Each structure stands twice: as C-alpha cells, then as structure tokens.
Number of protein chains: 2
Amino acid sequence: MGARFGARSADGVTIGIGDDAAVLRPPEGRELVWTVDAQVDGQHFRRAWLGPADVGWRSFVAAASDLSAMGATPWCALSSLCLPDDLDDDDIDALCRGQAEAAAAVGCPVVGGNLSRGAELSVTTTLLGTVTAAVARTGARADDGLWLAGEVGLARAGLLALERRVVAVALEVAVDRFRRPVVRVEAGERLAGRAHAAIDVSDGLARDALQLADASGVAVVFDERELLDHMGDALSEAAAALGEGASLRALVGGEDYALLAASAGPIDGFSRVGHVEPGRGLWLQTLGGGRSPIEACGFDHFASGGGESTDRQQG
Amino acid sequence: MGARFGARSADGVTIGIGDDAAVLRPPEGRELVWTVDAQVDGQHFRRAWLGPADVGWRSFVAAASDLSAMGATPWCALSSLCLPDDLDDDDIDALCRGQAEAAAAVGCPVVGGNLSRGAELSVTTTLLGTVTAAVARTGARADDGLWLAGEVGLARAGLLALERRVVAVALEVAVDRFRRPVVRVEAGERLAGRAHAAIDVSDGLARDALQLADASGVAVVFDERELLDHMGDALSEAAAALGEGASLRALVGGEDYALLAASAGPIDGFSRVGHVEPGRGLWLQTLGGGRSPIEACGFDHFASGGGESTDRQQG
C-alpha cells in the first residue's frame, strides 16, 4: 500500500505505513489542525467524468483546503479507500497516484491508511496540519475587508459543461479546474496571525460566505465589480459559453477551493471583493450601484434545481 | 452534528465541530498516534445482524484498538459517515449514539467529522492518541514471552451463530462481543515502555500473530494450554455450541480486539500464552506435547471458505 501512495516520511513521522497506526512527533509551539473529507461516487463525482486519478486528487484537495482555510500548513495524511470490484488494479494504481500527486503538490505525504472492499467507490482522506494560531470562521468584524484567493465558479462551470455536454475552448480550463482543483497552500499560510476569519469555498462563494457571516454574527457585502475584476476573462468566457452571467457563476460555483477571508488590511495573494458590516446576511453591491440581498445559494452536488433557481434572482 | 455525536471538548481541543477543521494543542513531550478505520455495510457487518447503534460502536472500537496496540491513550476522534437514503433520522441518531457511547467508553470524544450521502452505509473513524514511546510490531525478540489481554474467538463465534442461526445460552456472550467489542484501553497503556512489540487482534489471533512475527523477524510459539486457560469457559462453551473446538475458535476468531504483545517480563492485565523464538512463522505447542506449524489463517470477513478450511488443519 505504501508504494502505491508514493508514501514517504514527513518531518516528525517516526512510524508510517505498515503498523497499526502512524506515529508522529508534533512540532513544538504549534497547534494541530485536523480534518476529514469523503468523496463518494454518484454524490461528489461521477466516474464517467473523472478518471480514477482525478478522483484521488480531488478527495485529497478537498481535505487539504480545510487546513488552508484555518491558516495551517498541511503536514501529513491518512487515506481510506473503499474499492468496488469493478475497479481493476490499474484503476486502483491510478487512484492512489492521484492521491500521491495531490500529496506532493500540497507537500503533505500519505503516511498510512486503510483499504476496504465496498459496492461503491469512496475516498476518505484525513489530514493533519500545523499552525501558530488557527483562524476560525467566527472572528469577522465590521469594517473588515473581504478578501479572496483563487478562482470561484470555474470548477462548477466545468461540471455544468460535462453535465450538459457543452464543448468549447472557453470551457477547457473550467473542466480542468473541476477535475484538478488547486489548494491555496501559501495563501492559506498567510492567513495565520492576519485574518480575523476565513473559510474555504467548497459549496459556493455565496453559501460559504453566509456561513462565515452567520458564524461571526456580521453581514457580508460583495462588490460585483471587484469580484469580476478578481475573476478575469476565464470565468466570463466560460460563463458565456454556458449562456450564463459571470456573477452568477462566481457566486454559486463550488469546489474551486478558493479561500475567503475577513481582514482589516490586505493579505498577499488575496484580492479585495467586498467588506464586512454590522448586521446579518449576504449582500451584493451591483455594477449598477444598487444593493441586493443574496440568498443562501450554492452547489448542492448535482441537485441543480433549488440552488440554481434561487441564484437566477441575482443573475 | 455535534449534539448527535455527544460531542464535547477534550483536553487541548480549542476548536471542535462547526469550523473547517478541529484545532488541537498537543500535550508536550508525547508522540501522537494516528489511525483510520472504515466499516462498510456488507463487508464488515450486515445490517440484519447489527442495529445502527452497534454499527457506530464497532467502527469506533476498531480504530481505538489500533491506538491501544501502539501503547497509546486515545485522545479525540473525527467521524465520517456515509448515509444511504433508507436510513431514517432515528437510525442516524442511533448510529451517532453508538459512536458517542464508544467514545465515552474509550474516553476519546468525537470533536468533528463529515456527513455524506451514499448508496451504501459506511462509517470511517479516525482517532488520535498520545504516548510517551509508541510500541511497534517490529521489536519482538527471541525469548520474549507472548502476552494476551482480552478475549479471542468470542466475537467470531457470535458472528457464526448469527450466520448459522444457532441460538444457545452459551452463544449469547459471543453475540454480544460481536456486536459490542471492547477496547483494551488500560491494558494498551501498560504496553508503553514495557512491551517490545504489540498488535491488536482484528483479523484473528493466528493471522495477527504472524504479522507480528514477520515484522519482527522471529517465530511465535503459542502454548495451547496457556491459551485455553486464558480464555476460560466462555469460549469453550460457545465453541461447543457451534460443534467446534475452542483452540480453533481462539486462533481464527477476529474482531474481539484483544491485544497481543511480546515482552521480556509479565505485563499487568495480560496472560502468558506462549513465547518468541529465533526463526520464522507460527507454531502451536499442543496439549498433547507436540508442536505443529500454524498456517496464516484468520478472519476474512464472511469469506469463511479459505480461512476456515486452513484452520481445520490445526483444529
């Protein structure tokens, strides 16, 4: 199992794959940050759209992004695979390779795990990271700026392109982002000691921003102009190829694993996309100068009915 | 989610359920021990035999036992549940209650987790423990005694009773052990600084002992008399009710989560069941005074063909 995951030791890992459990020596003076994420066939992905290596990659990234949202540096991982009979050895190798590629990209080796048979493919990844002082969702303050690192909406546009069988050059980047989303490791590390609150964008920018607003007891106001400037042409062109507006795609697209933070001052690698106010809920300062409430909306995996129709109100 | 798991804080847990990840302050001067275990419907259990609370309990115990096998004290847990549509709210509550009951029994609260839909029920539990010096599988030495804490064979006898629909008073304890196996937390803690090697008995005593022997590069010799003395009447009576020998059931029964250790001297709470020699493989010093090789045999979940027929050679 170790070789398949490209497993190697990480700093402080004294026993890795092959014993009952991994043994780690935690770095002194740092907190541990710990998360688990599961990606299940038919719920979070469909094998028709993703090769097994992509499935392995995405699951790892989803977990790693949680650590970055807390300001942590990923440290090491355990991987638990549930493998159906119709996955052959090459598929399993590819799945583990995808995990190993993500682990290398994130700098967080797989040091152990678990293999099990099952009727349905699922990949559960648990990661430990370390941080001097973790950033929670709860600390946003009125007058904080709202800061974003990474793309929003592209991965969802890629999923829609696959669902609707739309093929266009403008959608190729989007499909790639759906298959191989990127963890904002360095941006995440810059949050520690600087951001008052942060969250990663896994369910859609609007939905995750509302979680941060509710947890902090504040209102979040997006600036549509700043948001579109941050996203640039890639999202506009992908949205146009789908016959939709870029703002809608930016607000409801999930699984890009961007990082959203509330901070008094700027943070390297983050663009300003709005601000925090006293009050509750989520608002959009539109290009036209008006202000509209944004209802909670986002990315219910494949259940495009409710989320999309709500979203169209702000489109 | 937090309330369902009976979640509460543990020492050093600064952020629990409700944020992107849990935040922990590791105790100074101790190593961390980290494991993940998955229990999948149809592979590790059948819902006809186990209520949802039992499913939650067993998954937690399987992971916790890995920590005890390393000499560690369980610290805290993350629970990842994959829930099919035919599980109603009461079932989900019961599943989480089973996890919470096991967490309380082990002294290791669930501080976070993940919920997902899926076609098949699975429960993946990851646990962190702490230890002054972890005990690996690799350190057994010739002339060490072989020491056992906890029951072996009873859980498997309980599973066979359910599979074969055998009802007998002598099997009630066995069925209970299958449904609610016990983690040897205190016995595990006594291994640290004392045992040269240890493993938990999840796949069957013979199979797990062979893993320890192979990892340490030694031969392991069980003493049938000592083994039967350790097990006492409960296993003899359960085996008799199944029409089988107690030694067979002791050697091939898995999922009791006993602890097997190699140590120069006795360890509180452990019984001597054999010794370690130079050489390779696994041997049984029989009641009759002879010595037989024991082939690798154990508990392939529900695949009773290979394991059982091999086992019969030593029965």
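This is a predicted model: local features need pLDDT of at least 70, side-chain atom pairs count only at pLDDT 80 or more; totals for chains, interfaces and linings use all residues.

Visitor: What makes the radius of gyration of chain A agree with that of a compact globule?
Guide: The rule takes 2.2 Å times the number of residues to the power 0.38. For 315 residues a compact globule would come out near 20 Å, and chain A has 19 Å, so the two agree. Along its principal axes the C-alpha trace spans about 60 × 50 × 25 Å.

Visitor: Which secondary structure elements does chain A hold, and how many?
Guide: Chain A has 13 strands and nine helices.

Visitor: What share of chain A is called buried, and on what grounds?
Guide: A residue is buried when its relative accessible area is under 20%. By that cut-off, 59% of the 315 residues qualify.

Visitor: How far apart in sequence are the residues that chain A brings into contact?
Guide: Take the contacts between residues at least 6 apart in sequence: 83% of them join residues at least 24 apart.

Visitor: Where do the charges of chain A lie on average?
Guide: There are 27 positive and 45 negative charges, and their mean positions are 1 Å apart.

Visitor: How do you know that chain A and chain B bury area between them?
Guide: Buried area is what two parts lose on being put together, summed over both. Here the loss is about 3900 Å², with 59% of it on carbon and sulfur atoms. On the side of chain A, the residues losing the most area to chain B are A:Asp20, A:Leu32 and A:Trp34, together 22% of what that side buries. The contact takes 50 residues from each of chain A and chain B.

Key. Residues are numbered from 1 along each chain as its sequence is written. Chains are lettered from A and ligands numbered from 1 in the order in which they are written. Side-chain values use heavy atoms; hydrogens and water are left out. Helices (H or I, at least four residues) and strands (E, at least two) are DSSP runs, numbered from the N terminus. Buried means under 20% relative accessible area, exposed over 50%, partly exposed in between (1.4 Å probe, protein chains only). Contact means heavy atoms within 4.5 Å. Lys and Arg count as positive and Asp and Glu as negative; His and the chain ends are not counted. The place of a charge is taken as NZ of Lys, CZ of Arg, CG of Asp or CD of Glu. Buried area is the accessible area (1.4 Å probe) that two parts lose on being put together, summed over both.
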